[in-house]
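Here's a quick briefing to read alongside the coordinates.

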Amino acid sequence: MWGLLRACGALRAAASHPMAVSRPTAARSSTATAGIIVIGDEILKGQTQDTNSFFMCRRLRALGVRVARISVVPDEVDAIAGEVAVFAARFTYVLTSGGIGPTHDDVTFEAVARAFGERVIPHPELVALVHKFFGKTDAQCPEMKLARVPESSYLNYGTDGCTGGTFKYPLVSVRNVYIFPGIPALMERALDGLTHLFRSEQTRFHTRTIYVAADEILITPVLDQANATFQGRVSLGSYPDWANNYYRVKLTLDSESEQDLEEAYRFLIEKLPPGVVVPLVTDCVSPAAAEVYGLAESGSALGQKVAAALRTIEEALDRYSLAQLCVGFNGGKDCTALLHLVHAAVERYPAAGLNWPGLGQG
């Protein structure tokens with residue numbers, strides 16, 4: 001893999017014009033689909049964590065492509081070839097990751113060739129690039145393995161998103177199979193430079209999220225009803241999160257139709273039990289004082305108790321500076337509530353700022 005790393009390390013904008021290379025046109029249905037094949041013994045052995053498929057999924061979805069399947073296969077020609085053949089027949093695009101380089105376990109080019117009944121041959125342009133980057137011309141040298149690709153290969157030159165220049169080293173594709181490097185930084189750079197190959201102008205995915213402060217079992221009947229009502233139009237996902245302080249279940253709604261999505265969203269909001277839908281609080285500090293004082297002014301039974309507590313704290317802030325005040329805290333609920341009340345009073349009560357050491361008149 002080090003030979004590939006050196007060669008792809010030269011992926012920077014080139015002043016020369018890119019070579020005009022044709023590429024295969026994949027047959028499109030209403031929605032383009034993709035299958036991702038992650039190649040490497042190290043993934044299956046747990047020696048390396050796969051991040052490439054996650055990145056590919058996010059990028060492809062943003063481009064209007066639905067990822068339908070991810071497969072992880074070992075560094076074996078037959079295993080890779082079999083998976084490539086199946087994926088190529090089933091999906092609009094196939095993206096492979098890994099197995100490109102000069103070493104014995106870099107067999108992806110050979111496997112893709114076998115999947116389509118082709119030979120692996122030296123590509124003249126790649127031979128020239130190997131000579132340019134490595135100074136090698138010997139057909140049997142390890143570096144030259146990078147130039148031996150399936151005979152119907154296309155060379156796709158990406159565009160640097162920062163400079164607008166063309167990458168000096170191409171991505172090899174065969175029919176609807178695009179062969180990406182396994183090193184995450186190189187794969188990400190290559191895919192970002194080749195988004196035009198995958199972008200779907202016809203498809204855009206729309207997403208909505210609902211956060212529920214109730215156990216999943218309580219809302220299952222509503223989810224079943226929603227799924228039956230919108231099946232085929234809206235994809236509904238339910239994901240429990242027992243560690244979150246604000247919600248117990250995250251519901252996701254996805255659709256190619258914004259109208260169907262909004263209809264399903266309204267359906268769930270109306271059908272879910274009262275009071276279980278909650279906002280996701282990502283910044284609980286900034287609005288805290290306003291929330292506390294809003295509760296104090298609400299007139300509710302709890303609000304009246306909060307108002308009384310705030311008056312006591314405000315009286316203390318009138319009589320003493322913050323340096324003279326001590327808030328006892330033992331980790332209990334009452335002490336936690338007191339900390340929130342003191343914070344709100346310090347933020348909102350005018351006298352607090354004047355008594356803060358280093359502020360006001362002092």
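Contact here means heavy atoms within 4.5 Å. Keep in mind that this is a predicted model. With that in hand, we'll start with a helix pair, then go on to a sheet and the aromatic rings.

**Helix 10 against helix 11**
- Helix 10 (residues 288-296) packs on helix 11 (residues 301-319) at an angle of about 115°, and their axes are 7 Å apart.
- From helix 10, the residues in contact are Val292, Tyr293, Leu295 and Ala296. They meet Leu302, Gly303, Val306, Ala307, Leu310 and Glu314 in helix 11.
- Sorted by class, that contact between helix 10 and helix 11 comes to 8 nonpolar, 1 polar and 1 charged residues.

**The sheet and the helices across it**
- Four strands make an open sheet in the order 10-11-9-12, and the pairing is antiparallel.
- Strand 10 (235-240) and strand 12 (277-278) are at the edges with a single partner strand each, so one side of each has no neighbour in the sheet.
- Strand 10 and strand 11 (residues 249-255) run antiparallel and are joined by 6 bridges. In this stretch, proline 240 stands opposite valine 249 in strand 11.
- Helix 8 (residues 216-230) lies across strand 9, strand 10 and strand 11, and runs at about 175° to strand 10.
- Helix 9 (residues 258-271) lies across strand 9, strand 10, strand 11 and strand 12, running at about 10° to strand 9.

**Aromatic pairs**
- There are 7 aromatic pairs in the structure.
- One of them is phenylalanine 87 with phenylalanine 91, an edge-to-face pair at 5.2 Å centre to centre with 85° between the planes. Phenylalanine 87 counts as buried at 2% relative accessibility, and phenylalanine 91 is buried too, at 9%.
- Tyrosine 93 and phenylalanine 198 have ring centres 5.2 Å apart and planes at 80°, so this pair is edge-to-face. Tyrosine 93 is in strand 3 (residues 93-97) and phenylalanine 198 is in the loop between helix 7 (184-193) and strand 9 (206-212), so the pair ties together parts 105 residues apart in sequence.
- Tyrosine 93 and phenylalanine 198 are both buried. Together with Tyr178, Tyr93 and Phe198 form one aromatic cluster.

**Charges over rings**
- Arginine 61 has its charged end over the ring of phenylalanine 205, 4.1 Å from the ring's centre.
- Arginine 208 lies over the face of tyrosine 265, 3.8 Å from the ring centre.

How values were computed: Residues are numbered from 1 along each chain as its sequence is written. This is a predicted model: local features need pLDDT of at least 70, side-chain atom pairs count only at pLDDT 80 or more; totals for chains, interfaces and linings use all residues. Side-chain values use heavy atoms; hydrogens and water are left out. Axes are lines fitted to C-alpha atoms, for helices over the stretch in contact, and angles run from 0 to 180 degrees between N-to-C directions. Helices (H or I, at least four residues) and strands (E, at least two) are DSSP runs, numbered from the N terminus. Ala, Val, Leu, Ile, Met, Phe, Trp, Tyr, Cys and Pro count as nonpolar, Asp, Glu, Lys and Arg as charged, and the others, Gly among them, as polar. Rings of Phe, Tyr and Trp (its six-membered ring) pair if their centres lie within 6.5 Å; planes under 30 degrees apart count as stacked, over 60 as edge-to-face and the rest as tilted. Buried means under 20% relative accessible area, exposed over 50%, partly exposed in between (1.4 Å probe, protein chains only). A charge sits over a ring if NZ of Lys or CZ of Arg is within 6 Å of the ring centre and within 35 degrees of the ring normal. Two strands pair if DSSP finds at least two bridges between them.
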